[in-house]
Amino acid sequence: MNVFDALTPLAARRLRTSVVSPFAQAYWDRLNDQGYARSTVRLYLNCLAHFAHWTSRQQVNLSALDRHIQRFVDWHLPRCRCGPSVQRRRPSMRAALEHFKIVVTDAGVLRDTEPLSQVDEQLLRFDRYLFQMKGLAASTRRRRLVIVRPLASMANDDRLPTSDQLRQFLRQELSRVSAASAGVTTTAVRSYLRFRTFEGDRAEHLLPIVASPANWRLASQPQTLTPSEVQRLLDAFPPSLPSRLRCYAMVRCLVDLGLRSSEVVALELDHIDWAAGTVRICKAKSRRADVLPLPQATGAAIAEYIRFERPQTSSRRVFIRHVAPVEVPVAAGIVRRAVREAYQRAGLPYTRVHILRHTLAGRLLNTGGTLKEVADVLRHRELDTSLIYAKIDFTRLGAVAMPWPGRRS
């Protein structure tokens, strides 16, 4: 179908007579290839026709598309007098023009991309260092970049921050976070200074300034759900719930296998051996592959989702988007939202997903498992990481408890 046939005569004329016209058919094909509904495709085409009309009136070209889109959305839309037939909703317009920008970029039209600043170039090298030299996950690297960006911006011309600038930054940042978060901040700053040393800068004198606040290791008590709370959570997926089978299968992976959110979304169809009843966990925090037994309830939940709710797609991911573009992998935020909403429906006062890993560790210990087995199931690289779960092994703690002084035996 021709793209102009999907528009009203006025919108088609505006699109056909603009600088946008050469990319209209590719834009149409992109939206249809990604599985967008017909109504959404027409909505986005009308948004593009509005933008095309504006480009013709302003006599702009597409080489500076980012700036033109910003001007159109932030300046033109609030003052638009183009008639009642055009689309003006900002969210729809932004989404439509984001697709158009991809089409134009693929065509090689964008030539005046803004150069990276010195800070951005430095942080790009820092991110590469954290990945290649330290093997950190993408989420950890993003958080460290956010933390150190103000510090990197304090010094001009790629210079190191001074001692006073570093102290000022630490005072400001540590005054507004908890002790645990302060440890994350100081770790990020130390890794940044070591990176600068790695690049040849003399940053050794700044490292003693970055002292971690007191936060005793293993001092906290792991928060866990009781068996009845776990059952209430699993029962909180009514038939009317949108994407019910996907949400339920994700939560079963968290409860039964102790997976992290990132590991759930990284599961692929090829990782499951249905005959052997195992699942391979790849791209985990430890950057290795582990094979775990697949519990019957978990496998049944995944199989039901694949058979009855998972859209047709070429993606090999188990859990995929249910709206276009379905080929794009779901993010870990989908898992976290599914768990938080399930907590709310079950009437449970929790929000964190990681509690379900703690709960699995407690269940293993309370049924006779050892800390070594907990470390194996949760895929900890060091046994020391699992020592905190000794606090919730009440059976063994009761066996070694000493009599209270003065108590009658």
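Trainee: What makes R142, R336, R337 and R340 a positive surface patch?

Mentor: In this predicted model, these four residues form the patch. Arg counts as positive, and members must have over 30% relative accessible area and no salt bridge. Helix α14 (residues 332-346) gives the most to the patch, with three residues.

Trainee: Why is R336 called partly exposed?

Mentor: R336, found in helix α14, has a relative accessibility of 37%.

Trainee: What makes R317 and E268 a salt bridge?

Mentor: Their N to O distance is 3.9 Å, and the limit is 4 Å, so the pair qualifies. R317 lies in the loop between α13 and α14 and E268 in the loop between α12 and β1, so the bridge ties together parts 49 residues apart in sequence. Both residues are buried.

Trainee: Why is C80 in no disulfide?

Mentor: The count of disulfides is zero. For C80, the nearest cysteine sulfur, that of C82, is 3.6 Å away, whereas a disulfide requires sulfur atoms within 2.5 Å. C80 is called buried because its relative accessibility is 7%, and buried means under 20%.

Terms used. Residues are numbered from 1 along each chain as its sequence is written. This is a predicted model: local features need pLDDT of at least 70, side-chain atom pairs count only at pLDDT 80 or more; totals for chains, interfaces and linings use all residues. Side-chain values use heavy atoms; hydrogens and water are left out. Patches are made of residues with over 30% relative accessible area and no salt bridge: like charges are joined within 9 Å, nonpolar side chains (Val, Leu, Ile, Met, Phe, Trp, Tyr) within 5 Å. Accessible areas come from the Shrake-Rupley method with a 1.4 Å probe; for residues, only the protein chains shown count as cover. A salt bridge is a side-chain nitrogen of Lys or Arg within 4 Å of a carboxyl oxygen of Asp or Glu. The place of a charge is taken as NZ of Lys, CZ of Arg, CG of Asp or CD of Glu. Helices (H or I, at least four residues) and strands (E, at least two) are DSSP runs, numbered from the N terminus. Buried means under 20% relative accessible area, exposed over 50%, partly exposed in between (1.4 Å probe, protein chains only).
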